[in-house]
Amino acid sequence: SRRARVSPPRVLAMPPKKKAAPKKDEPKAAPKKEEPKAAPKKEEPKAKAAVAAAKPEEPKAPPKAAPAKKEEPAAKAAAGKRKAEAKAEEPAKKETKVADADVSEKEKDAPADKRPALKETISFYPSDTTLNVIPTLGGQVLMALSDGGMQYLIAGARGNLGMKAGRYMFEVKIIEALNPAESSAAAGRGRAPAPRQLLRIGFSIAGSSLILGESEDHICFDSEGAFHVSKKKTPAAQRFTRDQVIAVVLNLDPNSPNHNTLSLFRDGKRISEPQQIPENLHGKTLFPHVSFRNVSVQVLFGQQPARALPFKCKPLGAAAQADVSKASAPALKDGKYEVLLPVAFPDEGTFEWLDTFLAKNPHYVELSDRKILDWAASSGLWKPAAANLSKKSNDKPEFNFGLPAMDDFSIQRVMRTVASVVPRNYVIMEVKSNLLQDDRQRVLERFNAPHFKKVAQVVMGEPNDEFKQMALGKLLKEKQAKADAAWKAQKAEEKRKKDMEEKQKKLAEMRRKADEARKKAAEEAKKKAEEAKKKAEEAKRKAEAKKKAEEAGEEYVEEDEYKAEDEEVKGENMEVDQAGNNDTKEAKDDAKEEDKKEDVKMEDEEDTEPPKIELTDEEQKLWFRSAVARACTDLTTTALGQSFGSFSIPETSEGFDEIRFEWRDENESKAYLKRWVLERKRNSRMDDLQPGQWFQDKLKEWKGLLTQWQTKQKTYKVEEKKKLEAKKKATESDGDKAEDEESMEDEVNVFEVVDVCDVGNGKPLFKDFEFEDWALLQLRFELHLLQVAFKKDVDDPERVGVHDTHLSFYYSKYFRKQLTPKNFNVASNVELTTLVKDTVSWDEEEKVLRTPLEEDLTSNNIFVQLAEDNRRERVRRIEAGDETARLKFSPLALQQTPAAKATGAPPVAAGVVRPAGTWAGNNWGAGGAWAGNSGWGRW
């Protein structure tokens with residue numbers, strides 16, 4: 001009996017070789033997109049042949065049992081039999097499920113409709129198709145590009161005729177499955193989206209995303225059997241593949257039991273239960289929509305269905321005119337499509353303005369790298385977080401998918417090529433390129449077809465009121481969200497503390513009760529012990545009294561007076577205890593009542609809603625969101641620094657048909673651009689700036705002079721020492737005369753000295769220089785040279801000097817050593833320049849380095865004269881008791897610029913500058929240390 005029961009299902013394992021149609025219904029057969037045996041049978045031109053082939057699918061289960069039964073070995077184990085039976089029964093069960101769905105179909109045949117029928121043909125507007133869609137055969141067949149990374153992106157197309165009432169269907173058929181080649185370079189790095197071939201079919205509202213299933217305004221099924229609604233995907237249908245006619249039925253008929261539902265059919269048979277349409281789509285016009293990847297799709301909007309359904313249902317192409325609505329075609333200006341180039345400053349509302357423009361003009365297609373990334377994300381491409389944040393920007397975001405076709409800019413080249421030949425309205429959003437004349441002209445050359453109108457949209461200066469309100473609204477919303485989060489966190493913390501206090505109170509109450517119980521038990525035990533002791537004493541007393549009475553020959557009489565006294569005392573104690581307990585209980589009750597009142601009062605005082613936030617006066621002026629709020633800047637620091645000097649306003653001579661000014665007119669925009677560029681030139685850093693030959697020659701000359709002066713000082717001091725020893729033998733009067741001569745020398749005006757190496761009698765002006773004086777002398781020369789060389793090398797009259805924020809950067813670039821204020825015992829560069837304020841200073845208005853000296857000096861003696869004058873003033877202050885004038889520098893304050901190409905030197909750690917030599921005595925030596933004046937020899 002068991003064999004008889006199980007044999008019919010087991011026969012299903014053999015016949016698939018004869019007929020491939022049933023295999024299409026098996027869920028495991030769907031991923032096989034191209035089956036050589038199934039394709040020819042599905043290509044029968046007549047619908048009747050396909051229906052006839054589908055009808056015998058249900059009764060085929062019993063006949064298939066015989067071959068499997070004969071081939072089954074007699075000695076097969078029972079476990080193996082059950083496994084084979086389970087595999088054979090699976091397709092039969094699925095066929096039964098589909099058959100049951102047909103039997104229990106709630107949809108009824110469409111009644112005769114005498115209303116005027118639709119006369120227009122459903123098609124696809126170019127603005128309602130993605131760039132990789134290639135419509136052929138009058139829009140009946142949709143193909144997708146599969147080159148240059150396009151094979152990873154989902155294509156989308158929305159019909160121009162939407163449903164607003166009734167029950168209608170449309171059909172699609174996958175006629176080709178593509179398998180683009182993958183580069184081996186991507187192995188192990190990137191992750192291509194799955195599945196490779198994909199089709200989604202459903203409806204959407206006008207103006208929504210073209211990638212079906214990626215918006216709350218979409219509803220659809222996909223080829224994997226999933227149902228997409230409200231950006232969520234759930235299993236709800238059987239799979240379908242190529243050469244199968246797939247129909248989707250949208251029921252908006254209020255009289256139908258399946259009102260506001262979407263159903264899916266395969267070759268005329270239902271493969272999904274009716275799925276409810278979300279409330280946000282109720283009452284809206286829904287347009288037919290398909291999205292696909294690596295397949296070619298035939299879209300059937302005919303007057304008759306290609307496959308008859310279990311009930312009569314009109315195709316959307318045969319709908320009543322009253323039940324449909326046609327989307328408005330994009331209006332052409334002057335009969336041409338616009339190519340719009342927004343020209344705006346980075347980080348000044350550029351992309352925010354673009355978002356508002358596209359919201360008002362959805363028929364424009366944005367061409368930008370950020371749009372490609374959004375498209376890739378909607379298509380399921382995974383991209384890791386950017387590893388190098390310095391390369392991250394809104395204008396040129398980093399492409400690091402790990403897929404060569406996506407990362408080598410192939411997809412950008414394909415999009416540029418396609419956009420130039422497909423007529424539609426474009427917005428080319430390239431922040432840096434749109435501000436550069438040469439880049440703008442290259443873009444215009446691609447769109448030289450006569451049906452394109454090239455327009456520049458200048459968006460700069462103070463925004464209009466509409467943009468201000470939008471920007472301030474976003475700022476207020478973000479501020480309110482932060483305040484709400486802080487308020488909720490505060491309330492949660494207060495609740496936590498309150499709960500903790502309650503817990504502590506309960507624990508304290510439990511401890512108190514436990515202490516009272518222990519105290520009461522101890523008191524009771526004590527009382528019992530005392531009572532027992534009293535009873536023992538009383539018994540002993542009575543026994544003694546009785547013994548005495550017997551010895552005296554008297555009759556013993558028990559005395560009750562003590563008992564009465566004890567009873568009286570006990571009663572008094574009980575009354576006192578009872579009174580105390582009552583008082584304690586009343587006090588506790590009063591305390592609890594006070595706590596409850598306090599809790600109620602606190603709850604009443606608590607806010608039930610977060611406080612409303614308002615913008616401050618300063619925030620009211622913030623029309624543009626900061627880079628921190630937007631997560632990244634529009635341009636990287638490097639890109640901005642290399643290009644902003646060439647920013648310009650578009651001119652008609654560049655090839656533009658029209659130039660529009662959004663916020664300010666032409667004159668105001670040009671003035672704003674000039675101010676913006678000047679400000680940027682003052683405070684921006686030039687990373688690619690290199691010291692010129694003039695600087696190298698001046699620096700080399702200075703090194704020779706400094707060595708000469710230090711050698712002269714050393715020689716003079718040796719000779720002076722010999723003279724002093726000879727003078728010791730002279731008379732006192734001669735010594736007085738020498739002191740007078742010395743004092744007269746000190747009164748020489750340093751700025752009248754012609755030769756700093758000989759102010760008289762062979763004495764150098766710098767004879768009394770100490771370590772700090774040589775360090776300040778070198779600092780004077782270096783800062784002056786840096787300021788002059790910078791202006792010569794940049795060769796830009798609008799860059800007036802080194803900005804205070806970049807002094808250390810340019811100093812390191814020119815002198816190949818670090819400028820460290822701490823080596824000079826000061827905290828900042830501003831304090832450092834104060835030490836040599838006679839040579840350089842900061843412009844308070846422009847914040848750049850200035851010098852009161854001539855830029856092209858014929859002699860470097862001025863630096864020695866300034867250093868000596870400063871030394872004399874410092875000595876006078878110290879002698880007057882001003883200890884703040886005393887200098888204490890680090891040995892690293894006096895470093896020489898290292899040679900451009902050092903040979904044989906040991907490596908230096910990153911960020912550390914090696915002095916070319918060390919101070920040895922009064923000169924620089926290979927390994928010596930300062931051993932000159934004032935006890936600096938330990939250095």
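Predicted model: local features only at pLDDT ≥ 70, side-chain atom pairs only at ≥ 80, totals over all residues.

A search of the whole structure turns up four cavities of 30 Å³ or more.

- Two packed helices are described by the angle between their axes and the distance between the axes.
- Start with α6 (residues 350-360) and α11 (residues 465-551): their axes come within 11 Å and cross at roughly 110 degrees. That makes α6 roughly perpendicular to α11, and their crossing is right-handed.
- On the α6 side, the contact is made by Glu352, Trp353, Thr356 and Lys360, and α11 brings Glu466, Phe467, Met470 and Lys474. Sorted by class, this contact of α6 with α11 has four charged residues, three nonpolar and one polar.
- Next up are α7 (residues 369-378) and α9 (residues 410-421), whose axes also come within 11 Å and cross at roughly 110 degrees. So α7 is roughly perpendicular to α9.
- Asp369, Ile372 and Trp375 of α7 meet Ile411, Gln412 and Met415 of α9. That contact of α7 with α9 divides into four nonpolar residues, one polar and one charged.
- Then there's α17 (residues 771-794) with α18 (residues 807-815), where the axes come within 11 Å and cross at roughly 90 degrees. These two helices, α17 and α18, are therefore roughly perpendicular to each other.
- From α17, the residues in this contact are Glu782, Leu783, Leu785, Leu786, Ala789, Phe790 and Asp793, while α18 supplies Leu807, Tyr810, Tyr811, Tyr814 and Phe815. In the contact of α17 with α18, 10 residues are nonpolar, two are charged and none is polar.

**Cavities**

- Rolling a probe the size of a water molecule over the atoms shows where empty space is left.
- How much space lies in the largest cavity? It comes to about 100 Å³.
- The largest cavity is lined by 14 residues, and the closest to its centre are Tyr811, Gln818, Phe824, Leu892 and Ala893.
- By class, the lining of the largest cavity has seven nonpolar, five polar and two charged residues.
- The second largest cavity has a volume of about 60 Å³. Its lining is made up of Thr637, Thr638, Gly641, Gln642, Arg685, Met686, Asp687 and Asp688.
- Four of the residues lining the second largest cavity are polar, three are charged and one is nonpolar.

**The second largest pocket**

- This pocket is lined by 32 residues, and Ser127, Ser208, Leu210, Pro362 and Tyr364 lie nearest its centre.
- Which element gives the most to the lining of the second largest pocket? That's α7, with five residues, the helix that also crosses α9.
- At least two lining residues each come from β1 (124-129), β19 (364-367) and α7.
- The lining of the second largest pocket has 15 nonpolar, 10 polar and seven charged residues.

- Most residues other than glycine have a negative phi, and most peptide bonds are trans.
- Ala194 and Pro195 are joined by a cis peptide bond, with omega at about -5 degrees. You'll find Pro195 in the loop between β6 (167-177) and β7 (198-204).
- Asn761 isn't a glycine, yet it has a positive phi of about 60 degrees. Look for Asn761 in the loop between α16 (732-746) and α17.

- Asp856 sits in the loop between β24 (849-850) and α20 (861-879).
- How far apart are Asp856 and Val788 in sequence and in space? They are 68 residues apart in sequence and 8.0 Å apart in space, C-alpha to C-alpha.
- Setting aside neighbours within four places in sequence, Asp856 is in contact with Val788, Lys792 and Trp694.

Note on methods:
Residues numbered from 1 in each chain as written. Heavy atoms only, no water. Axes fitted to C-alpha atoms, helices over the stretch in contact; angles between N-to-C directions. Helix = DSSP H or I, 4+ residues; strand = E, 2+ residues; numbered from the N terminus. Parallel < 35°, antiparallel > 145°, perpendicular 65-115°, else oblique. Left-handed = near helix turned anticlockwise from the far one by under 90°. Contact = heavy atoms within 4.5 Å. Nonpolar A, V, L, I, M, F, W, Y, C, P; charged D, E, K, R; others polar. 1 Å grid on protein atoms, 1.4 Å probe; cavity = no way out; pocket = protein on both sides within 12 Å on 5 of 7 lines; lining within 4 Å. Points joined across faces, edges and corners; volume = space filled by probe spheres on them.
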